[in-house]
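The following exercises concern a single protein chain. Please study the sequence and the structure before reading each solution.

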Amino acid sequence: MALAPPTRDAVESVPYGVRVASAWAWRIAIIVATAGLLVWLLGHVSLLIIPLMIAALLSGLLGPIVTVLQRWRVPRGLAVGLVLIGSITALSAVISLVGKTIVNGFEQLWAQAVAGLAEVERWIFSGPLPISNEDLASLSNEAIEQLQNNSSQILSEAVSWGSTLGHILAGMLLTLFAAIFFLLDGRGIWAFLVRLMPRAARLPLDGAGRRGWRSLVNYVRVQLFVAFIDAVGIGLGAVILGVPLALPLSVLVFLGSFIPVLGALVTGTVAVLLALVANGWVNALIMLIVVLAVQQAESHILQPLVMGKAVSLHPLAVVLAVAGGSMLAGIAGALFAVPLLAITNTVVKYLAERAWETDPTVAPAPTGLVAAQARPAATTSYTSDAPAPPDTDGEEPDGFAPGPHGPQTK
């Protein structure tokens with residue numbers, strides 16, 4: 001027996017507030033379910049998605065340098081090659097400098113570390129804890145027995161780490177190739193994507209993409225500033241406290257600041273260990289306070305205020321984005337949460353305000369009746385050989401920049 005549709009009286013008997021709440025509820029449920037499904041699908045292709053996103057960040061960082069070289073009449077292909085080779089060379093030189101400085105001071109640090117271990121050993125036997133040689137031997141035997149019993153699990157973990165290392169190397173190569181093509185032909189790639197959309201959606205998509213890209217570039221530039229402040233703060237603290245290897249430690253902090261959570265943890269631990277080995281536990285405790293102070297200033301002042309202003313996000317939104325991204329996708333989620341949120345916020349506001357109708361970046365407003373007749377709205381299209389219109393703030397978009405080709409008359 002088929003169920004009869006509800007009568008008008010039955011529908012009207014439901015309170016108006018309940019009907020509005022139910023209408024909102026099922027729509028929100030569909031949006032949340034779709035977003036969850038998208039995150040789940042992207043999680044299975046993270047080896048492909050993460051390198052592309054890192055390449056986009058690198059493109060936003062290196063794109064202005066490519067533009068400057070082009071203004072000096074350097075061909076774009078040569079400019080991209082020079083920028084990438086120069087960046088890789090500079091990064092390798094910095095890492096080499098840090099490594100050589102650490103190796104040169106390693107002998108002295110090793111001697112201090114051995115003396116520190118001997119002091120710990122004397123404290124164990126003569127301190128307040130009643131530990132004897134027999135107790136240490138028993139603990140050592142138990143540890144060896146545990147290693148033997150779990151050898152298969154340890155071997156599987158080692159194999160897993162080897163596979164992870166292979167994935168990392170493949171991701172680095174993919175990032176490099178993607179960055180090359182983003183810098184070399186980013187506009188052509190974006191033009192292809194824009195032409196896949198219906199004709200009526202091309203101008204809105206182009207304008208929203210331009211604004212989103214600008215947010216991404218601002219994020220990369222501000223992140224550089226935050227990393228510089230971290231390096232200066234911890235490095236200056238190390239110099240004042242007399243911690244050895246202060247300069248390479250500052251460089252290490254600068255590079256590690258681009259990796260949320262893990263970078264700060266590793267570089268802070270290195271700084272405290274250096275202070276402990278070289279100057280004792282009191283100096284190490286002070287160094288720990290310095291590291292925590294700098295990291296707390298970054299998390300609660302620089303990231304929310306400076307980053308939030310640069311990407312047009314409220315400081316609370318920045319904090320929640322980093323926390324939520326790390327919960328959902330770990331380090332990668334914390335790294336990309338803020339730029340993704342900034343791009344989404346910019347794109348949604350642009351589309352909601354129909355800003356493309358007055359945006360000269362994508363559709364320069366025609367003046368006079370002749371211009372209006374020469375370019376009717378129904379005949380606009382994106383062509384592959386049209387020059388990119390200037391940005392609204394006078395800067396040409398750099399790198400993998402949206403807005404490659406303005407509307408042209410057929």
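Predicted model: local features only at pLDDT ≥ 70, side-chain atom pairs only at ≥ 80, totals over all residues.

**Exercise 1.** Describe the secondary structure of the chain and its contacts.

*Solution.* First, the elements are listed: the chain has 13 helices and two strands. Next, the contacts between residues at least 6 apart in sequence are considered; 70% of these join residues at least 24 apart.

**Exercise 2.** Characterise the second largest pocket by its space, its lining and the classes of its residues.

*Solution.* Step one concerns the space, which is about 1700 Å³. Step two concerns the lining: 39 residues form it, and Leu-42, Ile-49, Met-53, Phe-336 and Leu-340 lie nearest the centre of the pocket. Step three assigns the lining to helices. At least two residues each come from α2 (16-43), α3 (46-71), α7 (151-195), α8 (199-241) and α12 (315-352). The largest share, 16 residues, belongs to α12. Step four sorts the lining by class: 31 residues are nonpolar, eight are polar and none is charged.

**Exercise 3.** Locate Phe-177 and decide whether it is buried, partly exposed or exposed.

*Solution.* Phe-177 is found in helix α7. Its relative accessibility is 48%. Buried requires under 20% and exposed requires over 50%; Phe-177 therefore counts as partly exposed. Finally, the C-alpha atom of Phe-177 is 8.4 Å from that of Ala-55, although 122 residues separate the two along the chain.

How values were computed
Residues numbered from 1 in each chain as written. Heavy atoms only, no water. Helix = DSSP H or I, 4+ residues; strand = E, 2+ residues; numbered from the N terminus. Contact = heavy atoms within 4.5 Å. 1 Å grid on protein atoms, 1.4 Å probe; cavity = no way out; pocket = protein on both sides within 12 Å on 5 of 7 lines; lining within 4 Å. Points joined across faces, edges and corners; volume = space filled by probe spheres on them. Nonpolar A, V, L, I, M, F, W, Y, C, P; charged D, E, K, R; others polar. Buried < 20%, exposed > 50% of the residue type's maximum accessible area, 1.4 Å probe, protein only.
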